[in-house]
Amino acid sequence: MSFATATTVEDALAALAGGARPVAGGTDLVVGARQGKAPLPESLVAIHRVAELAGITAADEGLRLGALTSHAEIASHPDVVDSYTALADASAIVGSHATRVHGTLGGNLMNASPAMETGGPLMCLDATVTLRSGGGGTRTVAVSDLFAGPGSTTARDDELLVYVEIPPPAPCTGSAYVRLEYRRQMEIAVVGATAVVALEGSTVSDARIAITALAPTIRRAAEAESALAGSDGGETAVAAAARAAAAASTPISDVRASERYRRAMAEVIARRAIGVALARARGEAVPVPASAVRP
Amino acid sequence: MKVAATLRVNGIAYPVEVEPGTSLLAAVRDEVGLTGSKEGCDDSECGACMMLLDGRPVNSCSYLALQAEGSEVTTVEGLADGRDLSPLQTAFLEHGGVQCGFCTPGMLISATALLERNPSPSEDDVRIALSGNLCRCTGYDGIVKAVLAVAPAAPPT
């Protein structure tokens with residue numbers, strides 16, 4: 001096995017071109033190896049000291065989050081909490097405090113777990129990732145086009161996720177991410193749902209809904225979105241959207257829940273996520289993380 | 001192939017030689033020789049291996065030792081001042097926060113990190129912060145009381 005520490009993106013890209021795999025916080029890669037999911041790669045390049053991959057930059061055009069941005073930074077960033085609240089809901093409940101200070105946004109996305117927390121919020125907020133490769137290659141991919149299957153992305157092995165960008169949301173937008181959990185820390189979503197809604201007066205002008213841990217990848221639920229968009233956001237419309245989100249799910253049975261239980265809970269969790277997103281869009285203060293709010 | 005590195009643990013620089021896949025926990029226990037941090041689950045579920053990395057808690061069983069080069073590592077051995085226990089350690093003894101002791105190093109590290117970022121936690125804050133640390137003896141009550149005992153009362157919410 002070989003190991004190198006990169007201090008610039010160019011160093012990291014050269015190592016990837018030579019067949020190395022990147023490690024940042026290690027909270028998926030190393031934990032996965034410990035659990036016996038997959039052995040550590042033969043060649044590793046540590047990217048945790050690449051300064052240009054760190055930090056959140058806010059601008060009129062939205063938010064740029066470097067690949068190394070930790071979940072702790074995201075969950076406590078005032079702009080994320082104010083305007084991209086579903087993402088704060090998600091990062092605030094990843095793992096434990098220890099996971100959140102070392103685990104990175106780039107790692108969370110590229111690990112591509114169907115149960116990852118940040119995928120649904122980023123997909124519904126129209127986020128993109130920028131991938132770089134050696135020799136000056138750069139491309140930008142919508143988060144909704146990033147996931148190819150459980151643990152697999154559409155990025156090539158020589159590409160490094162360098163940052164995530166999120167455009168500013170429309171006025172009167174509220175968002176939320178809610179998951180079903182059994183434990184308050186070190187939990188993985190049993191099922192999860194994201195809702196991003198925009199209001200024009202009392203009408204829902206736009207609705208985005210994504211489901212988590214309910215399909216081979218995080219995915220939007222178009223039927224749920226059309227059930228909510230154009231409605232008054234009342235109980236009937238919310239219930240219909242939640243039912244549609246559950247109907248769009250294709251869950252598996254595993255050690256954490258049966259397929260039937262996941263399907264039943266998908267509706268409950270989607271209803272909660274939509275409810276909190278609507279409340280936030282109406283200007284009500286619902287604290288982060290929304291998962292801690294019991295209806 | 002082993003790689004030579006320097007790990008700074010509790011303020012002292014230790015030269016080590018480790019495989020790239022060696023965990024920080026294994027390096028500190030087997031190479032540095034500080035065995036206070038424990039291996040429980042070995043996959044980040046239980047928190048018995050918790051150390052501070054530049055002041056932030058890390059599950060050292062699942063962190064690569066070579067990634068810690070250039071950072072300051074603090075283990076449970078670094079919390080006391082010589083033979084004088086820290087106020088938190090003393091409170092653990094006074095409030096029955098220790099039985100078998102296996103989770104205690106991780107609990108102390110986790111609670112130290114909590115008090116660093118939130119000097120006046122509520123009981124709920126303490127319980128949530130310690131949820132990544134499992135204890136199979138005490139039922140947690142003594143541990144939570146010990147942490148609250150060294151924290152000035154949180155303002156009522």
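A residue counts as buried if 20 or more other C-beta atoms lie within 10 Å of its own, as exposed if 12 or fewer do, and as partly exposed in between. This criterion is used in the legends below, which describe a predicted model. The model scores ipTM 0.91 and pTM 0.95.

**Figure 1. Residue S258(A) in the loop between α10 and α11 of chain A.**

**Figure 2. The open five-stranded sheet of chain A.** Strands of a sheet pair through backbone hydrogen bonds, in either a parallel or an antiparallel manner. In this sheet of chain A the pairing is antiparallel, and the strands follow the order β4-β5-β10-β6-β7. The edges are formed by β4 (56-59) and β7 (137-142) of chain A, each of which pairs on one side only. From one strand to the next, the twist averages 20°.

**Figure 3. Strand β10 of chain A and its partners β5 and β6.** On one flank, β5 (residues 62-66) of chain A runs antiparallel to β10(A), and four bridges join the two strands. Within this pair, L63(A) stands opposite I166(A) of β10(A). The pairing of β6 (residues 128-133) with β10 (residues 160-166) of chain A is also antiparallel and comprises five bridges. Here L131(A) is found opposite L161(A) of β10(A). Strand β10(A) is mostly covered, with six of its seven residues buried.

**Figure 4. Helix α1 of chain A across the sheet.** Helix α1 (residues 9-17) of chain A lies across β6 and β10 of chain A. The direction of α1 is at about 125° to that of β10(A).

**Figure 5. The side of chain B that touches chain A.** How many residues of each chain take part in this contact? Chain B contributes 24 residues, which are in contact with 23 residues of chain A. Two elements of chain B, β4 (56-59) and α4 (123-129), each supply at least two residues of the contacting side of chain B. Of that side, β4(B) provides the largest share, four residues. By residue class, the contacting side of chain B comprises twelve nonpolar, seven polar and five charged residues.

**Figure 6. The fold of chain B.** Chain B has five helices and five strands. Read from the N terminus, the elements follow the order β-β-α-β-β-β-α-α-α-α. The radius of gyration of chain B is 16 Å, close to the 15 Å that the globule rule gives for 157 residues, so chain B is as compact as a globular protein of that length. Along the principal axes, the C-alpha atoms of chain B fill a box of roughly 55 × 30 × 25 Å. Of the 157 residues in chain B, 50% are buried. Among the contacts in chain B with a separation of 6 or more, 57% are between residues 24 or more positions apart. The average pLDDT of chain B is 94, and 97% of the residues score at least 70.

Definitions and conventions. Residues are numbered from 1 along each chain as its sequence is written. Chains are lettered from A and ligands numbered from 1 in the order in which they are written. This is a predicted model: local features need pLDDT of at least 70, side-chain atom pairs count only at pLDDT 80 or more; totals for chains, interfaces and linings use all residues. Two residues are in contact if their C-beta atoms, placed from the backbone, lie within 7 Å. Ala, Val, Leu, Ile, Met, Phe, Trp, Tyr, Cys and Pro count as nonpolar, Asp, Glu, Lys and Arg as charged, and the others, Gly among them, as polar. The radius of gyration is taken over C-alpha atoms; the globule rule is 2.2 Å times the number of residues to the power 0.38. Two strands pair if DSSP finds at least two bridges between them. Axes are lines fitted to C-alpha atoms, for helices over the stretch in contact, and angles run from 0 to 180 degrees between N-to-C directions. pLDDT is the predictor's confidence in each residue, from 0 to 100.
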